Amino acid sequence: MKCEEIFAALEMLEKERGIPQDFMMGKIIQALTAAYKKDHEGVENVIVDVNEEKKDLRMYVQKEIVEEVENPGSQISLEDARAMSAKYQLGGVVNIPVKNVEFGRIAAGNGKQVIIQGLREAEHGMIYDEWGSKQHEILTGTVHRIDPRGTVHLRIGSGSEATEGLMGVNEQVPGEELTEGQLVKVYLVEVRRTTRGPQVMVSRTHPGLVKRLFELEVPEIQSGIVQIKSISREAGSRTKMAVHSTDPMIDPVGSCVGPRGQRVDRVVTELRGEKIDIIKWSADPAEFVANALNPAHVVNVFVNEQEKACRVVVPDNQLSLAIGKEGQNARLAARLTSWKIDIKSQSQVDEQVEAEAGEAPTVEGDAE
């Protein structure tokens, strides 16, 4: 590959694929210097001079001018330097041109290969930057295939900008069956760099998916008036979401539910029927924990700030509701509030109080 062909190829790549010529030229220079050093053991300093106007490349070996040469790969004697030009002085440097024939051979052997490798690397970098900027966003993908291990491969985007998203088994909602060609909304968890290029990792179980879905449906969240403070989720079954309004005239729970429940219904439909409890956030831990145990009614909450734990008292007929099936309601409430929650019924608390009173020691005085 001649120098003119290299410049023409780089110019074409920039126009057609948007890959900067500077990036590709840097890769070519790196490859040329590495190839020359490999063929000339001991050579340390190799320079490639780029002349964009003349579309030309020149290679030089740079050596330091010394009195006595100890390292021929990086040094040249003053006598030999003066033989090239009388202007050279001790301690200076000499750029010795590499012969055109040798340089041409190196360029021809490495030019095409470097361009192909650089092109692949640049495209991978562009994909990483593009999708990395969409991290933690909601995307719509088409199920392309499901491999034997259960990983779902999705086509995300369209045309030349499309890429493949991977959804592992742990990121799939239990019981949710996906079929090839199906459109699904997913949450972009991260973009990983791998030897085979960027991997776009997506999820249907991440709590962030619920948050983004509500952001799409609720204008008050988009404007910042209503804030989603925390979310706890057991995908496919139930989600609890704590919301807060910066405007006392705006009901945060009502805003998320929407007129006749339309807003929350659209989110539930996208999540294939997953139940969603929307509760009001509070800076008061006792109130927040009581709200988080919705739909159960709470009689009292005793807070231990030091251990960040609380004991919750509920009516006897509300105990199973507060705990939930297999402990789900209490578990989600604990995650939502980040507090340890111990739930007791009113009768259990009364019995404990009576037992403690009965165990209290009595002091008998001497009879007068």
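Which residues in α9 meet which residues in α11?

1. On the α9 and α11 pair, F288, V289 and A292 of α9 meet A333, L336 and T337 of α11, where contact means heavy atoms within 4.5 Å. Helix α9 covers residues 285-292 and helix α11 residues 328-337, and their axes come within 9 Å and cross at roughly 145 degrees; axes here are lines fitted to C-alpha atoms, for helices over the stretch in contact, with angles running from 0 to 180 degrees between N-to-C directions. The crossing of α9 past α11 is right-handed, a crossing being right-handed if the near helix is turned clockwise from the far one by less than a right angle, and left-handed if anticlockwise.

2. On the basis of the values, this is a predicted model in which local features need pLDDT of at least 70 and side-chain atom pairs count only at pLDDT 80 or more, while totals for chains, interfaces and linings use all residues. Residues are numbered from 1 along each chain as its sequence is written, and side-chain values use heavy atoms, with hydrogens and water left out.

3. On the chain as a whole, the secondary structure comes to 12 helices and 15 strands, taken as DSSP runs numbered from the N terminus (helices H or I, at least four residues; strands E, at least two). Of the 368 residues, 40% count as buried, that is, under 20% relative accessible area, with exposed over 50% and partly exposed in between (1.4 Å probe, protein chains only).

4. On α5 and α8, helix α5 (residues 207-217) packs against helix α8 (residues 262-270) at an angle of about 140 degrees, with the axes 10 Å apart. The two helices are therefore oblique to each other, given that angles under 35 degrees count as roughly parallel, over 145 as roughly antiparallel, 65 to 115 as roughly perpendicular and the rest as oblique. In this pair L213, F214 and E217 of α5 meet R263, V264, R266, V267 and E270 of α8, and α5 passes α8 in a right-handed crossing.

5. On cysteines, a search of the whole structure finds zero disulfides, a disulfide being a pair of cysteine sulfur atoms within 2.5 Å. C256 counts as buried because its relative accessibility is 0%, and C310 likewise counts as buried, at 6%.

6. On E67, this residue is found in the loop between β2 (56-66) and β3 (75-77) and is exposed, with a relative accessible area of 62%. The C-alpha atoms of E67 and G91 are separated by 8.7 Å, although the two residues are 24 residues apart along the chain.
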